[in-house]
Amino acid sequence: MRKYTGLMAFVFILLAAGFLFTMNSGSNSSLTGGPALLTVNGQKFDQKTYQREGSSTIQLANAAMLYAYVQQLGVDWQELRGGNLSAESTNQFIANRAITKAEAQKLGLYASDEAVTKFLHERSIFSMGGEFDQAAYNDFVSERLPRIGMRESDLLELFRDQLIFQQLVDLIGGNMQAPLDGFTTDFQSDQQLVTVEKITFDRDEFVKQQNPSEEEVKAFWEENRDRWLTDEQRKISYVIFNSTLPEDKEGDAALSETEKEAARAEHVKQVNRNVELVSDQIDASHGKEFKAAVESNGYKLTETELFTRGTVPAELMVPVNSRDNKYRLLSDAIFDDAIWENTLYERVSDPISIGDKNFVIFQITERVEPQVKEFEAAKVQAKAELIAENADKAVADAAAAALASINEKVAAGKSFEDAAKELELEVVKVDTFGIRGGDRPQNENNPNLVFNAAKKLNPNQVSEVLTDRDRAFFIHLVKRELEDSESNRNQLEQAYETYNTSLSYYIFSNWLREQFAAAKVTGRQVSN
């Protein structure tokens, strides 16, 4: 059975991905109350333990703001933030947590009750003005935890796991430290303020100078014809299951609003049942009886002509009510290569939720791949790109020639300003600025590019040619400054600590990936 988007079939996805949020995170036993959804090093997780060890623990950690812990054990941040956990993330979390807990036990790592209490009191979620707020904690335990099927003991055990996990990270990561001198040099290079001058060549001026002949454009098209393709086209057959109450009932004056509301709700349920029925029949025939399944249940099958993404029929230009954000528009699904390649089900889509509780199922019946455009069709685009490429080269060449002349005169003893004046080149002084400090310069639109070039120079040196979207230029470093302030020293200290922590986590993450690969993790949608 294929996975559905919406309807009753969505329940099966919830079960597989563990979205029912009813687990005691302290449980790590290999209960076998049913078929194993996941196996890690021989330890089996049936439906109940899978839900409790996975999504319920993830939701508890999320509620307790242990975001880093959950991510380090394999949960994607976007999924965590959106509340839509995939089976892959849930599997990673359960397996990695089982692996790390087993390793910690083998190494004799332990967190005392006193350490757990201290960790609890330091959580910002339970503090008021920097002090532990017992009332806030009591509210969390009595109101928040029951909503996710958890108890206070589950929360405290999760905190204990977090503390032990951190010990394991420190032990395996080795509390690695980068060489302080080298780190300081690199960090301070980004703390400095720089003052530069620049000489700029405007790309637009060189665009105006370009006027390629048709022969030149055609030669350019011949060399690069694969750049200009027609749009892909597709043809589909589709059925829309409309959940709007039929007009004869909606407009029936004999029905009260309460009766109409009940009729609307029943109609939605019936439509959902119909979608499931039709989809089951499609599945049973592996898509071969798509038309028969639709029409035998009283629905109309609509067939389109070939269309592109830009000419999608108006009825199909609708957003998708997607739980996993796989598609934004229905056209994204129609042009999804995965559906075209699904020949096992005759290129029939899953039911897709659109509009107000409506559904659509479609079959891709024809695909016309992009073709190389003939010269006449591609001529305008080819000419524009040729002009753009010629202008890019011309502006870079002009800047390079000017730079060579500047360097020659500077080597002969002239100042940067005097050399530029002799060459009739305009010098613009950029406001003093930095990346970590100082104001953004008002007369420079890409300070990062300028700063990264300037930090490699010594005062009075000139950079190589720099290219940006609309210009080519080079800079002269006038001076650099580094303020020896308490703020800068604190930033250095914090950055060094953060970098070393990241280094330890990097080593630990590599170890955990190796352990996962060796753990013989099996289950639905597991990728090693």
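The dialogue below takes up aromatic pairs, charges over rings, strand pairing and an annotated region in this predicted model.

Q: How is a pair of aromatic rings described?
A: The distance of the centres and the angle of the planes describe such a pair. In this predicted model, the count comes to 16 aromatic pairs. In one of them, the ring centres of F165 and F508 are 5.3 Å apart and the planes stand at 90°, so this pair is edge-to-face; planes over 60 degrees apart count as such.

Q: Which parts of the chain does the pair of F165 and F508 tie together?
A: F165 belongs to helix 8 (residues 152-173) and F508 to helix 20 (residues 486-518), so the pair links parts that are 343 residues apart in sequence.

Q: Are F165 and F508 buried or exposed?
A: Both F165 and F508 are buried. Together with Y69 and W511, they form one aromatic cluster.

Q: Which charged residues lie over the rings of W221 and W340?
A: A charge is assigned to a ring by its distance from the ring centre and its angle to the ring normal. R225 lies over the face of W221, 4.1 Å from the ring centre. Over the ring of W340 sits the charged end of R347, at 3.6 Å from the centre.

Q: In what sense do strand 6 and strand 9 pair, and over how many bridges?
A: Two strands count as paired when at least two bridges are found between them. Strand 6 (residues 233-241) pairs with strand 9 (residues 358-368) over nine bridges in the antiparallel sense; R234 has R367 as its bridge partner in strand 9. Strand 6 also pairs with strand 7 (residues 302-303), again antiparallel, over two bridges, and there the partner of Y238 is T302.

Q: Which strands stand at the edges of the four-stranded sheet, and why is one side of each left without a neighbour?
A: The open sheet has the order 10-5-12-11, with antiparallel pairing. Strand 10 (428-433) and strand 11 (466-468) are at the edges; each has a single partner strand, so one side of each lacks a neighbour in the sheet. From one strand to the next, the twist averages 35°.

Q: Which strands does helix 17 touch?
A: Helix 17 (residues 375-411) packs on the sheet and touches strand 5 (193-202) and strand 12, its direction making about 40° with that of strand 12.

Q: Which residues does the "coiled-coil region" annotation cover?
A: The unreviewed UniProt entry places it at residues 475-502. In the model, this stretch is 61% helix and 25% strand, with its end C-alpha atoms 35 Å apart.

Technical notes:
Residues are numbered from 1 along each chain as its sequence is written. This is a predicted model: local features need pLDDT of at least 70, side-chain atom pairs count only at pLDDT 80 or more; totals for chains, interfaces and linings use all residues. Side-chain values use heavy atoms; hydrogens and water are left out. UniProt positions are given in the numbering used here, feature names are shortened, and annotations may be inferred rather than shown by experiment. Rings of Phe, Tyr and Trp (its six-membered ring) pair if their centres lie within 6.5 Å; planes under 30 degrees apart count as stacked, over 60 as edge-to-face and the rest as tilted. Buried means under 20% relative accessible area, exposed over 50%, partly exposed in between (1.4 Å probe, protein chains only). A charge sits over a ring if NZ of Lys or CZ of Arg is within 6 Å of the ring centre and within 35 degrees of the ring normal. Axes are lines fitted to C-alpha atoms, for helices over the stretch in contact, and angles run from 0 to 180 degrees between N-to-C directions. Contact means heavy atoms within 4.5 Å.
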